[in-house]
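Morning, everyone. Please have a look at the model on the screen, and then I'll walk you through a few of its residues.

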Amino acid sequence: RSVNKPLSILSPPVSVSVNTMASMTKSKVHVLYVDHKGHPAPLSSCFHATGTRRLSSSVERFPPATITEIDSAYCPQSLSFHDVTSAAREGYSPKAQQCPLCFTALSLGVSEDGKTCFYNCGSCGWNSTSCGLTQPVTAEKDGQISRVELARALEELGIMLSAKREKAHQAVAAHSQALSSAWEKRTKQQPQNKNLKDGPEGWSVEALEASLQDKKKLYSLDVPTEGISINVEHVSLDDDPAPASETVLSDISQIALEMSFLSQGFEQPQAMGDLLPLPMPYRVRESRRCRAELEEGRPGILLKPKLNPLEGDSSLRSGHGQWWKKDSSAIHVMPRIGVLKHEVHGTFRVFLLKVTNPTLGPVRLRFTSSKYQGERNAFMESTGTDTPTYNTTMANLLVDEIFEQYIESVELHTSTLKNMKQTESVELLSAEDSFIELGGKSREIPFEVQNWKFDESAREESAMRLVASSSSTAFFELALANASATTSESSSQLAVPLALEVEAGNGSWESSLIPKSTKDESADWVP
C-alpha cells in the first residue's frame, strides 16, 4: 500500500506564499495546507480524520470544512463542570463572581485587622467594600481564620449580593413597565386622519406636514423623563443654525424615550459604590467534526474534549497530559514543512525547505506539481452553474493561528509549477525525542545543507530537487522562475501550489490508518 498526498494549496497540499510587500531580503514565507473544501490553512489549524484521504481545517472560510458542537461547560474559577442542558439553563456559575472593571475572577479577601472579609480582585485591586459588600469574621485564638468561617462568610456575601441584584432588577422592571404604558397610551390617543385616502391620489406635502405636527404634539404627552441625563433642545429647519459649540438635538420627547431606559433602566453607575460584582459565565468545551465524513454517514470526530476540565492535569494520579478523548490534529500525522532560507538570484526566487516526520513510524514522500486551482466559488455554484469556478485571489488568509496573523490579499499562480518534474522519493525515519537525542548525531545538519548554494546557470525553469536527508528530516530546494519580477509589481502576495505525496503501506505512514486502495503490489500515493 502506498498513499499519494499532495502538498500544495491542495488537499493535504501546501502552498508557499511570499510576502512581496516587504523588501526582497525581509520577505516572509508561509507554508499552508489545503483542506478538502479548498481552503488554505496553517498546519496547526488542520485535522486529519482517522483512515481518510482528506484534510479538514477550522479556518473561518465559506463553505466551512468542519462543524463545532458544544459538549459541556465549566466554571473557570471553581472548575465545576456541567452538561450542555444544565449549563444552558443556568448560564452563570452560582458561586463564582468576576470583577466589574477587568472581568477577572474575584477571590475572598480579608482586611488587615482580620475582622471583615470581602470580594477582592487580584488584577486591578478593586474590592467590594466600595459597594458595601462586607461580612464580619471571627478569628481563632491563634489569630488565624478557619476554613469553615471563610466558607460561611463567602455564603453570606453571596446572599447579600443576590439581594442587591434583586433590588436593581426591580427598578429596571418598574421603569420598563412605565415606558410600555406610555407607548400604549400614546398609541391609543393617536387620532386617525380621515382626510387621507388610500393610494397615491390622497397623498400631498401639506397633509404630510400636518401629520408630522400632530405627532410632535402627541410625543409631548405623559412620557416618563426622570431618567434623562442629557440636555436636549427642539430644533426647527426654519431656525438659524446653532453655534458649533452647542449640543442640539431634535425631537426632545422621542430622545427621552430612547435615552431614559439606558440611563435609568440599567442603573448607569455614577460612582464606584454603584458597581457590583458580575456573575461568572460558564466556559464551553467544544468538539469538532468533519463535514465530509458526516455527509457519508460516519461520525467524523476530529476533536473531542473530556468532561472534567482537570483530566490530564498533573494534580491527578493518572492520565497526565491526556486532555482529549480524541485528538486528530494534523500536526501529529502530516509531515511538517518549514522554510529555512529564502533568496533571490536574478529572476529566480529560491527556497530551502525542511520536511520533518512527526509520527512514530517511517514515512516515504515526494513532491510533484499540483492541480489545485484556488478556492471554489460556492456562490456561483448555488445559482445552478454546471461548470465550477475558482478564485485565484484570496482575501484575509490566515497564515499564523498562534499570533492571529492574516494576509490581506494572496494571488495564486497556478502555472508557475505546472510543468515541474516529480522529485525522487525519500524515506524519513520515526520522530525522535528531542530531550533524549539532545546533542546527538541524528540532529546534526547534513554537510550538503550547510554548504548549500543555488546554481542559477543550471536552471532554466521552475524546478524542485532533494538536497539531503538525515534521520527524520529531509531538505528540498524549490526554485521559482520569473517570480521576483511578478511579485514586485503587485501589492498582493504570491502563492504557488505544490503537491506532497505520501506513501501509505509497505511500512510507511502506518499512523494514518488509511486502507489500501489497490489490490496489486503497486504503490498507493495519497493525493
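**Salt bridges and their partners**

Glu503 and Arg364 join their side chains in a salt bridge (2.9 Å, N to O). That term means a side-chain nitrogen of Lys or Arg within 4 Å of a carboxyl oxygen of Asp or Glu. The pair links distant parts of the chain: Glu503 sits in strand S26, Arg364 in strand S18 (residues 363-368), 139 residues apart. Strands are DSSP runs of E, at least two residues, numbered from the N terminus.

A word on the source. This is a predicted model: local features need pLDDT of at least 70, side-chain atom pairs count only at pLDDT 80 or more, and totals for chains, interfaces and linings use all residues. Residues are numbered from 1 along each chain as its sequence is written, and side-chain values use heavy atoms, leaving out hydrogens and water.

Is Glu503 buried or exposed? Buried, with a relative accessible area of 8%. Buried means under 20% relative accessible area, exposed over 50%, partly exposed in between (1.4 Å probe, protein chains only).

How many salt bridges does the structure hold? It holds 15. Take Arg53 and Asp524, whose side chains meet in one at 2.5 Å, N to O. Arg53 lies in the loop between S4 (46-47) and S5 (56-57), and Asp524 in the loop between S26 and S27 (525-526), so the pair ties together parts 471 residues apart in sequence. Arg53 is partly exposed, at 29%. Asp524 is buried, at 6%.

Last pair: Arg298 and Glu296 meet in a salt bridge (2.1 Å, N to O). Arg298 is partly exposed, at 37%. Glu296 is partly exposed too, at 43%.

Note on methods:
Helix = DSSP H or I, 4+ residues; strand = E, 2+ residues; numbered from the N terminus.
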